Amino acid sequence: MHLRLPLLGILTILGAIYLIYWSLSVSISNFIFRNFSAVDDLRLIGKRRKGGKFQGVAVVSGGSISGLLAARILSDHFKKVVIVEAEEWLTTEQGLWDGIRCSPKKRYKVFQYTFMHCYQAFLGHALRYMFPDFQEELEKVGGKYVLSPNTCFQVISAYTNLTSEKRMATGPFNAQFSGIPLTHEWRTETPDIIFSTRPVLESTIRRVLLNSFSNVEYLPGSVYSLVRAAKSGPIEGVLVRKLDGKKVTLSAEFVVDCTGSAYSGLRWLQELGLRTERGQALDEVKETYNHNVLYSFCEADVPKHILKDLRPSGAYAGKVEDHAKGIAGFHYWLPDASRERQLFGIVRQENNILHMAYGAWGLSKPPKTLADLRDNISGLSLNEPVPEWAYDILDTLEKENVPVKFETVRMPPGVYIRYTGIKDLPANFVAIGDSVHKANAVRGQGCTKACIDAVTLNTLLCRTSGQTLPTGFSRRFFALQDKRTGAIWSAGKTEDYAWDTTIPCKGEDLAVGSFARTYMKYVGQLIVSDPEVTNIFMNVVHFFAPGLVLFSPRILRKVLRLWIADRWGKFRL
Ligand SMILES: Cc1cc2nc3c(=O)[nH]c(=O)nc-3n(C[C@H](O)[C@H](O)[C@H](O)COP(=O)(O)OP(=O)(O)OC[C@H]3O[C@@H](n4cnc5c(N)ncnc54)[C@H](O)[C@@H]3O)c2cc1C
């Protein structure tokens with residue numbers, strides 16, 4: 001009896017400790033997902049806020065990817081949404097069915113419109129929530145959602161020195177890291193990925209938006225200023241210069257800046273006399289660094305009769321008859337900064353459109369022909385050379401005289417505008433997409449980032465009620481946006497600082513982020529050897545989980561073990 005009581009007591013205490021530990025970890029995990037990821041907010045799309053729609057007009061400045069997604073969200077919460085877009089043709093029928101690529105002078109404000117674009121699974125998943133018929137409409141113009149069994153997806157990087165499989169096979173979602181096949185489970189039920197050129201993606205979003213949401217309309221013109229009567233009051237309208245030069249005032253109950261790299265929102269707020277919390281000019285909230293990436297891209301429409309010559313190869317693996325079912329291929333060789341500064345990528349988009357990209361940190365000789373490209377990639381320092389099938393593609397395109405057009409660009413510098421540092425922000429002004437944050441585009445995250453911003457806007461609007469936005473709405477939005485997409489900025493910058501040709505942000509040097517770089521080197525080793533880490537990593541890459549989970553105690557412990565083993569090995573020598 002005496003013995004049993006203490007035993008019972010010990011068991012109760014252990015049980016209580018376990019319960020506390022369990023509920024703490026569940027709460028921390030929920031907190032991290034709620035704040036640092038938008039994935040669990042997708043179910044709020046289409047839900048109405050308490051108190052019905054705002055009766056005024058929401059004005060979206062800029063009608064590209066982020067403008068379209070913002071307008072879709074606002075259509076649920078405002079009686080009317082007006083998208084003001086500077087490029088007139090986007091507001092015409094052609095902007096709804098844009099299958100013509102690479103014609104000169106297209107999208108003079110968005111030069112990358114015709115460049116290679118790839119997307120993370122979050123984007124495709126979210127678009128289904130926003131537009132139930134999106135997949136059907138995308139497929140009408142050849143774009144596709146790719147899921148097993150015809151999915152090929154491959155990421156090869158030089159992080160590890162394990163041997164790689166040289167050829168990608170068709171089969172269920174087939175991701176590889178440094179040539180090592182990765183198996184993982186998704187946090188969501190539909191993890192397929194969109195494969196389509198940017199013109200097809202953007203015009204499809206525009207078409208489904210304008211066809212299905214009658215309270216959204218386009219106005220050709222440029223927003224050039226904001227109207228705010230009281231110093232600390234809301235924005236009352238926007239000033240628009242129409243195409244014929246006439247100036248008009250649009251009254252607005254809500255304004256979203258989606259002007260991309262024009263960063264117009266910051267300028268408009270500056271003109272209204274706003275200052276930072278410390279009383280400085282607004283330039284102070286604009287962080288910028290130059291990664292010095294030179295980027296070259298080419299497109300080929302591969303004729304059907306030579307498809308058989310490209311088989312079996314990465315982008316065109318599988319039987320010819322399977323092509324109609326929509327095989328896609330994505331291969332991206334990202335360099336290890338300790339020994340390489342060039343990248344190479346191949347992606348098969350809608351129909352037989354093939355895109356190839358080459359980029360280099362701090363180099364200045366871009367490939368201008370297929371022969372140049374062959375030379376450049378054969379010199380890449382990777383753990384495994386670029387596989388033969390990639391050269392086969394170049395050879396066949398050359399032999400068959402398939403027209404291939406190269407375009408080269410110096411990638412625009414990275415920019416992050418810290419709106420949270422601005423004093424007296426009008427409650428009814430927000431900015432999303434590139435107008436807030438321009439990441440290094442070699443990582444292809446811009447469209448997903450714009451989408452996460454739009455989903456975040458929806459979440460905060462759903463939490464409001466009544467006909468007046470709470471003061472502080474804008475500040476709350478920018479703070480949550482920073483938690484959810486700010487990691488794209490810090491992680492990208494940390495990687496870019498590994499190259500000595502990067503010019504860092506004002507007040508920083510290239511040593512910033514060295515701890516994170518070392519940490520990620522070990523995570524890279526775990527990705528190919530530890531299924532738990534693979535799983536988490538793939539969900540992070542596709543924005544189904546926040547990057548913070550890569551620093552969870554379980555992964556920290558594994559990284560620490562690798563780090564100690566490394567040090568101990570060196571000590572023994
Ligand atoms: C070379 C390159 C490759 C890329 N590859 C990828 C990729 O693979 N995957 C990916 O997801 N992202 C990629 N990106 C990034 C992606 O293209 C951008 O993130 C995306 O275009 C951002 O969309 P946005 O709507 O925010 O801005 P933008 O696309 O820049 O659109 C801004 C719009 O605002 C309009 N506008 C500007 N000023 C005004 C005004 N005053 N009034 C009214 N309208 C105005 C413009 O006409 C334009 O339509 C790449 C970028 C580059 C440079």
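Guide: The account below begins with the ligand and then turns to the chain that surrounds it. The model is a predicted one.

The shell around the ligand consists of 34 residues. Those closest to the ligand are Ser64, Ser66, Glu85, Arg107 and Cys447. Sorted by class, the shell comprises 14 nonpolar residues, 14 polar residues and six charged residues. Several elements of secondary structure contribute to this shell: the helices α2 (65-75) and α9 (446-462), together with the strands β2 (78-85) and β9 (222-227), each provide at least two of its residues.

Particular atoms can also be named. A polar atom in the side chain of Ser66 is 2.7 Å from an oxygen atom of the ligand. In Ile65, by contrast, it is a polar backbone atom that lies 3.3 Å from an oxygen atom of the ligand. Cys258 likewise takes part through its backbone, with an N or O atom 3.4 Å from a ligand oxygen. As for the surface of the ligand, 1,000 Å² would be exposed if the ligand were taken alone, and the protein buries 97% of that area.

The wider chain may now be considered. The protein chain has 573 residues, of which 54% are buried. Its secondary structure amounts to 13 helices and 21 strands. The chain has an accessible surface of about 25,200 Å², and carbon and sulfur atoms account for 57% of it.

One stretch of the chain carries an annotation from a record. An unreviewed UniProt entry assigns a "transmembrane region" to residues 6-33. In the model, residues 6-33 are 100% helix and 0% strand, with 40 Å between the C-alpha atoms at the two ends.

Tyr263, in the loop that joins β12 (254-257) to α6 (264-271), has a phi near 45°. Tyr263 counts as buried because its relative accessibility is 10%, and the cut-off for a buried residue is under 20%. Asn292 occupies the loop between β13 (286-289) and β14 (293-301), and its phi is near 55°. With a relative accessible area of 18%, Asn292 is also buried.

The side chain of Glu299 forms a polar contact of 2.6 Å with the side chain of His355.

Helix α12 spans residues 531-541, and its buried residues are Val533, Thr534, Phe537, Met538, Asn539 and Val540. The N-terminal end of α12 is capped by Asp530, which has a side-chain oxygen 2.9 Å from the backbone nitrogen of Glu532. After α12 comes Phe543, with a positive phi near 65°.

Definitions and conventions. Residues are numbered from 1 along each chain as its sequence is written. This is a predicted model: local features need pLDDT of at least 70, side-chain atom pairs count only at pLDDT 80 or more; totals for chains, interfaces and linings use all residues. Side-chain values use heavy atoms; hydrogens and water are left out. A residue is near a molecule or strand if one of its heavy atoms lies within 4 Å of it. A polar contact is a pair of N or O atoms within 3.5 Å; within protein, one must be able to donate a hydrogen and the other to accept it, and residues adjacent in sequence count only if both atoms are side-chain atoms. Accessible areas come from the Shrake-Rupley method with a 1.4 Å probe; for residues, only the protein chains shown count as cover. Helices (H or I, at least four residues) and strands (E, at least two) are DSSP runs, numbered from the N terminus. Ala, Val, Leu, Ile, Met, Phe, Trp, Tyr, Cys and Pro count as nonpolar, Asp, Glu, Lys and Arg as charged, and the others, Gly among them, as polar. Buried means under 20% relative accessible area, exposed over 50%, partly exposed in between (1.4 Å probe, protein chains only). UniProt positions are given in the numbering used here, feature names are shortened, and annotations may be inferred rather than shown by experiment.
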